[in-house]
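Here is a structure to question.

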Amino acid sequence: TMPSSAADWAKVMAQVGGQLSTGSAAVGGPEDMELETVQTEGVIEQILSKQPQTIEQTLLQSAKLRCLEAMLPALVDRGHHILVFSQGARMLDLIEVCILRRLNIGY
């Protein structure tokens with residue numbers, strides 16, 4: 001089975017390690033279940049191909065960004081000051097690039 005979450009992909013990539021050039025590797029489960037063969041050829045290409053290539057694609061993949069894109073201009077027009085918290089700096093970078101710069105909202 002293919003990993004479905006980022007955490008699962010991280011585990012696979014950590015376990016595969018330097019074996020990417022071989023085409024396959026044995027990956028064990030956390031409960032020491034029977035080893036499963038994971039095809040690694042093209043795994044990185046598959047991961048990268050699913051990443052958004054444009055700002056519009058990024059907005060389509062993120063409900064949070066779409067919501068902020070709709071809310072922020074209306075709040076700014078009404079004179080509100082907005083404080084956005086995020087656990088990760090990458091999300092703040094996305095807000096800056098995908099919303100603030102595109103809509104010419106100062107910060």
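Q: What makes Val76, Ile82, Val84 and Leu92 a nonpolar surface patch?
A: In this predicted model, these residues together make a nonpolar surface patch of about 270 Å². A patch takes residues with over 30% relative accessible area and no salt bridge, and nonpolar side chains are joined within 5 Å. Val84 shows how the accessibility cut-off works. Its relative accessibility is 32%, and the cut-off is over 30%, so Val84 passes.

Q: Why is Val84 called partly exposed, and where is Val84 found?
A: Val84 has 32% relative accessibility. Buried needs under 20%, and exposed needs over 50%. The value falls in between, so Val84 counts as partly exposed. Val84 is found in the loop between α4 and α5.

Q: How do you know that Glu69 and Arg102 form a salt bridge?
A: The closest N and O atoms of Glu69 and Arg102 are 2.9 Å apart. The cut-off is 4 Å, between a side-chain nitrogen of Lys or Arg and a carboxyl oxygen of Asp or Glu. The pair is within it, so this is a salt bridge. The pair links distant parts of the chain. Glu69 is in helix α4, Arg102 is in the segment after α5, and 33 residues separate them.

Q: Are the two partners, Glu69 and Arg102, buried, partly exposed or exposed?
A: Glu69 has a relative accessible area of 24%. Arg102 has 38% relative accessibility. Both values lie between 20% and 50%, so Glu69 and Arg102 count as partly exposed.

Q: What makes Glu96 and Arg101 a salt bridge?
A: The closest N and O atoms of Glu96 and Arg101 are 3.0 Å apart. That is within 4 Å, so the pair counts. The structure holds two salt bridges. As a general point, side chains of opposite charge can pair when their charged atoms come close.

Q: Why is Glu96 called buried, and why is Arg101 called exposed?
A: Glu96 has 18% relative accessibility. Buried means under 20%, so Glu96 is buried. Arg101 has 57%. Exposed means over 50%, so Arg101 is exposed.

Q: How many disulfides does the structure hold, and what are the accessibilities of Cys67 and Cys98?
A: The structure holds zero disulfides. A disulfide needs two cysteine sulfur atoms within 2.5 Å. Cys67 has 41% relative accessibility, so it counts as partly exposed. Cys98 has a relative accessible area of 2%, under the 20% cut-off, so Cys98 is buried.

Q: Which residues make up the largest nonpolar core, and what makes it a core?
A: The core has nine residues in all: Leu59, Leu65, Leu68, Leu72, Ile95, Cys98, Ile99, Leu100 and Ile105. A nonpolar core joins buried residues through side-chain atoms within 4.5 Å. Cys98 is a member, and at 2% Cys98 is buried. The elements that give two or more residues to this core are α4 and α5. α5 gives the most, with four residues.

Q: Which residues of α5 are buried, and what covers them?
A: Helix α5 spans residues 89–100, and its buried residues are Ile95, Glu96, Cys98, Ile99 and Leu100. Their cover includes α3 (55–61) and α4 (63–77). Leu68 touches Ile95 and Ile99, and also Pro73.

Q: What does Ile55 touch, and how far is Ile55 from Arg102?
A: Ile55 is found in helix α3. Leaving aside neighbours within four places in sequence, Ile55 is in contact with Val97, Cys98 and Arg102. Ile55 and Arg102 are 47 residues apart in sequence, and their C-alpha atoms are 9.4 Å apart. Ile55 has a relative accessible area of 28%, between 20% and 50%, so Ile55 is partly exposed.

Notes:
Residues are numbered from 1 along each chain as its sequence is written. This is a predicted model: local features need pLDDT of at least 70, side-chain atom pairs count only at pLDDT 80 or more; totals for chains, interfaces and linings use all residues. Side-chain values use heavy atoms; hydrogens and water are left out. Buried means under 20% relative accessible area, exposed over 50%, partly exposed in between (1.4 Å probe, protein chains only). Contact means heavy atoms within 4.5 Å. Patches are made of residues with over 30% relative accessible area and no salt bridge: like charges are joined within 9 Å, nonpolar side chains (Val, Leu, Ile, Met, Phe, Trp, Tyr) within 5 Å. Accessible areas come from the Shrake-Rupley method with a 1.4 Å probe; for residues, only the protein chains shown count as cover.
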